[in-house]
Amino acid sequence: MRGHIQVGSLKGIPIRVHFTFLLILPFLAWSFSQAFRAAAVAADVPPERLSGPPIAWGLGVAVTLFLSVLLHELAHSVYALRKGGAVSDISLMMIGGVSRITRMPDGARHEALMALAGPVTSLVLGAMSLGVHVLLAQTDSFNLSFAFFYLGSLNIFLGLFNLLPAFPMDGGRVLRAVLTGPLGRVRATRVSGWVGQGFALLFGLYAILSGNFVLLFIAFFVFMGAAAESRDVLLQSRLADVTVRTVMKRSRVAVEAGATLREATEMLYTERQRMLPVVEAGRVVGVLPLEAVRQVPVERLTEVAVRDLMQEVPVLRPDTTAWDALKLMGPERLPLLPVAEDGVLVGTLSQEDLVRALEAREARDSNAPRGPWNLGGRENQSPT
């Protein structure tokens, strides 16, 4: 993922840090240090009770706050995994944290509980931090006591803020789960999306008036996220009961892994394809993208084998749903995937094939919202 650095993994979930996190960290450290200075002045604390410079304490609170955000996101992700969901990764960035949940747990109840797991974790961390603050209040370490008070307050705010019904934030997901029973998932998502976008506009207006640019980023994220997830759920409703068999192109045209790029180039242009399936010993082993071939100098096309440039991709089965196929295409924005039965190529599925399937469904349902459809493949995200 662009702009992300993986720093570890927990429960098999990659933990990544976005470069915007590194940009906001110094600002938060300075901002929190001002809170330490103001608290010390207000409490008339003597210098001997101030252990260390405020900027160091501010940095410590900022880092610990993001660790709390990580625990918030892990609560979402672990619950999703335990209930049959799938999680791609967790990212820490300027606006907080995002769990990329590529498959939601089945059932509105589990989605609601998954959404609640994060805010509950934040509230528990906040209560624990305030409890430690009370225990330390009578000691000589004013900074340590205030650090736990500040961290506790921030976590409680984080938990309560995420419970606002601003889809796709946690409270918005709970709202959708509640509405799914009476309205169905598509209409519930649409209504929750409208509510989320309304909150986003309020966030944005307040952010502009108060000069809070972090909140402005959050408002933008919520507004765009609500629109994108509403589109994704509508896509799922159209494609979940369509099989790849009914929309794929039936073709056994493929290039051998041992062939030269010269041979592959001729096939690519003859078939007018951006990708060709690659086979070896009669079985599909990957695809050859036209863009990769174009990077090779013409004089070397006879020297390089297809297997040296082929790309390993998921191989679809004819009974795979079109929705599952779209999700497999999405993360890498693949324009085409091979379709095989018992390892033997039987056809290909492209994004154009999926668009035609969507248009066919729309033609049968004159009341359905119309495209244009963007099949870029966005996973469900749970933002903090």
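1. By class, the lining of the second largest pocket holds 20 nonpolar, 5 polar and no charged residues, where Ala, Val, Leu, Ile, Met, Phe, Trp, Tyr, Cys and Pro count as nonpolar, Asp, Glu, Lys and Arg as charged, and the others, Gly among them, as polar. This is a predicted model, in which local features need pLDDT of at least 70 and side-chain atom pairs count only at pLDDT 80 or more, while totals for chains, interfaces and linings use all residues. Residues are numbered from 1 along each chain as its sequence is written, and side-chain values use heavy atoms, with hydrogens and water left out.

2. The second largest pocket has a volume of about 820 Å³; a pocket here is an open set of points on a 1 Å grid where a 1.4 Å probe fits, with protein on both sides within 12 Å along at least five of seven lines, and lining residues have an atom within 4 Å of a point. The volume itself is the space filled by probe spheres set on the points, which are joined across faces, edges and corners. Of the 25 lining residues, Leu28, Leu65, Phe157, Val214 and Ile218 are the closest to the centre of this pocket.

3. In helix H9 (residues 261–271), the buried residues are Leu261, Ala264, Thr265 and Leu268, whereas Glu266 and Thr270, on the other side of H9, are exposed; buried means under 20% relative accessible area and exposed over 50% (1.4 Å probe, protein chains only). Helices (H or I, at least four residues) and strands (E, at least two) are DSSP runs, numbered from the N terminus.

4. Strands E6 and E7 pair in the antiparallel sense over 6 bridges, pairing requiring at least two DSSP bridges between two strands.
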